[in-house]
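Reader: I am new to this structure. Please take me through some of the terms used for it, and say what backs each one.

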Amino acid sequence: MKILFSKEVEKTTISIMKKNKSATYFGLGVTDPKGIFGTTINLKKKFGQDRVFDVPASENALTGFGLGMSLNGNKPIMVHQRMDFFLLAFDQLINNAAKWKFMFGYQKKMSALIRLIVGKGWGQGPTHSQNFQSLFANIPGIKIVAPSLPSTVKPLLEESYKDDETVLFIEHRWLHNVQENISRKKKFNKNYINNVQFLNKGVDITLVSWSISTIDILKSYNILKENNISFDHIDLVSIKPLNIKKIYSSVKKTGKLIILDNTSHEFCSIGSEIISSLTKIDPKVFSKKPVILTIPDYPTPTSYYLTKSYYKDQKDLFKYVYKLTQKKISYQRKFDEPHDIPDKLFKGPF
Amino acid sequence: MNIKKNDIINYYFTAQKIRNVELKIAKEYQKQKMRCPIHLSVGQEIPASAISNCLNKRDFTISYHRAHAHYLSRGCSLEKMISEIYGKKTGCSKGLGGSMHLIDLKKNFIGSTAIVSSSIPVGVGFAYSLKLKKNKNKICIFIGDASVEEGVFFESLNLAVLKKLPIIFLCENNGYSVYTNLINRQPKKRKIYKMAEGIGIKSYYFDSSDPIKLFKGLKKIIKNKISEPLFVEIKTHRYLEHCGPNIDDHLGYRKYQEINFWNNNDPLIKLEQYLIKNNILSQNSVKTFKDNLDIKINKAFLKAQNDKALTVKEFNKLLNK
């Protein structure tokens with residue numbers, strides 16, 4: 001059975017709103033004909049305009065509006081078509097969402113599920129492709145998750161909505177058209193928060209990724225396996241809370257770590273936190289220097305030509321796999337797809 | 001318009017209670033046992049007392065950093081407020097929030113916050129939920145004159161009007177944002193309630209220096225159930241400094257005429273005199289009321305002083321909830 005990421009988002013949003021009669025869903029463009037990149041079409045028809053509605057361009061107030069609603073039992077699912085727009089809502093996120101329960105002595109819960117879409121490609125440029133996961137991760141009182149495979153969507157979205165805290169659901173745009181073959185009998189993992197998932201097991205090296213970077217690594221599986229690289233591949237899914245113990249169990253075994261994070265910069269990154277935490281558990285856990293592959297320390301340029309080498313790709317991954325394992329990787333480089341589109345079907349404009 | 005005798009007595013009792021509590025806080029503060037910022041409402045008792053008397057008991061309230069008057073006017077627990085300021089575990093927020101984070105869910109006072117205008121959209125969202133759930137109650141969102149300068153104020157009002165929500169925005173205009181006069185922050189010719197009107201909300205203006213006119217006016221406009229938001233601006237004056245227990249008029253950031261006017265036109269005293277003059281309350285009953293009030297207040301302070309704070313163990317247990 002084939003499942004499509006965007007359809008999983010839609011199906012799950014519908015089931016959440018069916019199960020929770022007081023759930024609401026709003027954000028700029030939610031009732032658009034294209035329905036947030038195909039993830040939520042026709043929801044207004046199903047649930048009515050009191051529960052599903054489009055909104056003015058007021059990200060700050062809207063976040064507070066959603067949080068206020070949750071105080072009286074209408075917990076919202078909110079969405080931003082670009083995480084960059086969500087910056088305007090930082091006061092509500094950090095001073096209210098993350099702290100309300102605490103500053104009133106733990107007598108009242110306030111929370112929302114917020115989908116934040118990360119952009120990439122087609123000249124998104126400096127302010128349409130950012131991922132602020134590191135900024136969020138430093139604030140106590142917020143949870144951060146990032147689905148990768150379509151099969152993570154349903155259980156993760158449901159678990160995130162049930163959570164007592166505000167959960168930021170970091171959804172990479174290039175995942176929307178990803179398809180996955182699953183057996184009908186597949187039992188979905190019900191617990192992703194404070195957990196990790198091992199997508200592959202091996203002994204030579206540990207690869208850690210999340211979100212789109214997990215798909216990037218998945219695309220390299222064939223080549224890695226053909227070249228006899230035996231690897232643990234950890235898909236974080238839960239950025240915060242971070243299950244460092246499970247990551248440690250893998251790195252303890254392999255001694256070698258590559259973290260691929262194509263959505264953010266290195267300084268104060270999630271990858272840095274992982275390496276720092278592992279070192280604190282056991283400074284000798286690494287037999288070779290750990291590697292973080294991220295985007296460089298400058299904003300994302302817009303031009304097609306300037307973004308060619310901006311994101312880390314297969315070549316970079318293999319270079320470091322070789323460096324750490326000393327196992328040569330030979331493969332046929334494919335040159336069919338332009339680097340700035342998620343798949344052949346994408347033709348723009350945004 | 002005829003005002004019920006009981007209503008106006010309650011109005012006065014509420015305002016006097018706030019005054020006495022606030023003055024007691026100011027007096028005790030120098031003992032350095034209330035170790036958090038306090039933004040007192042001495043002089044600003046009238047707006048909150050008036051509106052509270054017009055609201056239903058089950059109506060909701062949300063406020064900002066100068067919330068003592070709002071909290072007390074809704075009948076919220078005095079003991080818990082004082083304990084909170086003393087940082088004790090019997091405080092309304094167990095000591096985690098202090099003076100700026102008051103809450104009393106039994107009285108539907110859903111919170112007060114410390115970042116200017118941060119609670120406004122929360123109140124608007126709450127109202128949306130009330131409407132969605134067909135709850136007949138409304139919410140009163142207290143704000144100050146500087147609150148209207150934040151972008152989120154405009155955004156929130158826009159949403160409130162758009163969605164036709166049961167909200168009363170109560171703007172206490174005391175003319176200052178810490179030391180900065182209103183004329184240095186907003187265009188002189190523009191009135192706050194007129195600006196709100198421009199956003200699309202029905203707006204009213206009152207001056208608390210005439211507490212009777214204010215009360216009668218509010219009684220007329222505040223209905224039991226409202227189906228669209230209202231904005232009420234009330235001119236008021238704080239006698240003490242922005243934050244803290246002292247009078248700071250010697251700093252000279254307020255004009256002599258302005259200070260003098262309010263010193264000679266204390267709305268609370270005016271209200272008291274009106275009640276006595278019109279034989280609504282006798283001089284004696286006012287005195288008895290004040291004496292009993294002070295006993296209650298002193299009791300609350302003694303309790304707060306003797307109560308314990310959360311232990312480290314208790315706090316950790318709370319954190320893991």
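**Contacts, burial and strands**

Author: Start with one residue. Leaving out residues up to four places away in sequence, L275(B) touches I8(B), Y12(B), I280(B) and L281(B). The model is a predicted one.

Reader: What makes these residues count as touching L275(B)?

Author: The test is distance. Contact means heavy atoms within 4.5 Å. I8(B), Y12(B), I280(B) and L281(B) meet that test with L275(B).

Reader: Where does L275(B) lie, and why is it called buried?

Author: L275(B) is in helix α10 of chain B, residues 267-277. Buried means under 20% relative accessible area. L275(B) has 0%, so it is buried. L275(B) is also 255 residues from N20(B) in sequence, with 18 Å between their C-alpha atoms.

Reader: Why does N60(A) count as buried?

Author: The cut-off is again under 20%. N60(A) has 14% relative accessibility, so it counts as buried. N60(A) sits in helix α4 of chain A, residues 59-71.

Reader: Which residues is N60(A) in contact with, leaving aside neighbours within four places in sequence?

Author: In chain A, they are L88(A), A89(A), D91(A) and Q92(A). In chain B, they are V152(B) and E155(B).

Reader: What makes strand β3 of chain B largely enclosed?

Author: Count its residues. The strand covers residues 139-144, and six of the six are buried, so the rest of the structure largely encloses it. I139(B), I141(B) and I143(B) point one way. C140(B), F142(B) and G144(B) point the other way. Both sets are buried.

Reader: How do you know that β3(B) pairs with strand β1 of chain B?

Author: Pairing takes at least two bridges. β1, residues 60-63, and β3(B) are joined by three, and they run parallel. T61(B) stands opposite C140(B).

Reader: What about β3(B) and strand β4 of chain B: how many bridges are there?

Author: Six bridges join β3(B) to β4, residues 167-173, and the sense is parallel. One bridge partner in β4(B) is C171(B), which faces I143(B).

Reader: Now chain A. What is the strand order in its open sheet of seven strands?

Author: The order is β3-β2-β4-β5-β7-β6-β12, with mixed pairing. β3 (52-53) and β12 (238-240) of chain A are the edges: each has a single partner strand, so one side of each has no neighbour in the sheet.

Reader: How do you know that strands β2 and β4 of chain A pair?

Author: The cut-off is at least two bridges. Between β2, residues 24-26, and β4, residues 76-80, there are three, and the strands run parallel. Y25(A) stands opposite I77(A) in β4(A).

Reader: What share of chain B counts as buried, and what are its secondary structure elements?

Author: Of its 321 residues, 59% count as buried. Chain B has twelve helices and eight strands.

Reader: How many of its contacts join residues 24 or more positions apart?

Author: Among contacts in chain B with a separation of 6 or more, 77% do.

Reader: Which charges does chain B carry, and how far apart are their mean positions?

Author: There are 54 positive and 28 negative charges. Their mean positions are 6 Å apart.

Methods. Residues are numbered from 1 along each chain as its sequence is written. Chains are lettered from A and ligands numbered from 1 in the order in which they are written. This is a predicted model: local features need pLDDT of at least 70, side-chain atom pairs count only at pLDDT 80 or more; totals for chains, interfaces and linings use all residues. Side-chain values use heavy atoms; hydrogens and water are left out. Helices (H or I, at least four residues) and strands (E, at least two) are DSSP runs, numbered from the N terminus. Buried means under 20% relative accessible area, exposed over 50%, partly exposed in between (1.4 Å probe, protein chains only). Lys and Arg count as positive and Asp and Glu as negative; His and the chain ends are not counted. The place of a charge is taken as NZ of Lys, CZ of Arg, CG of Asp or CD of Glu.
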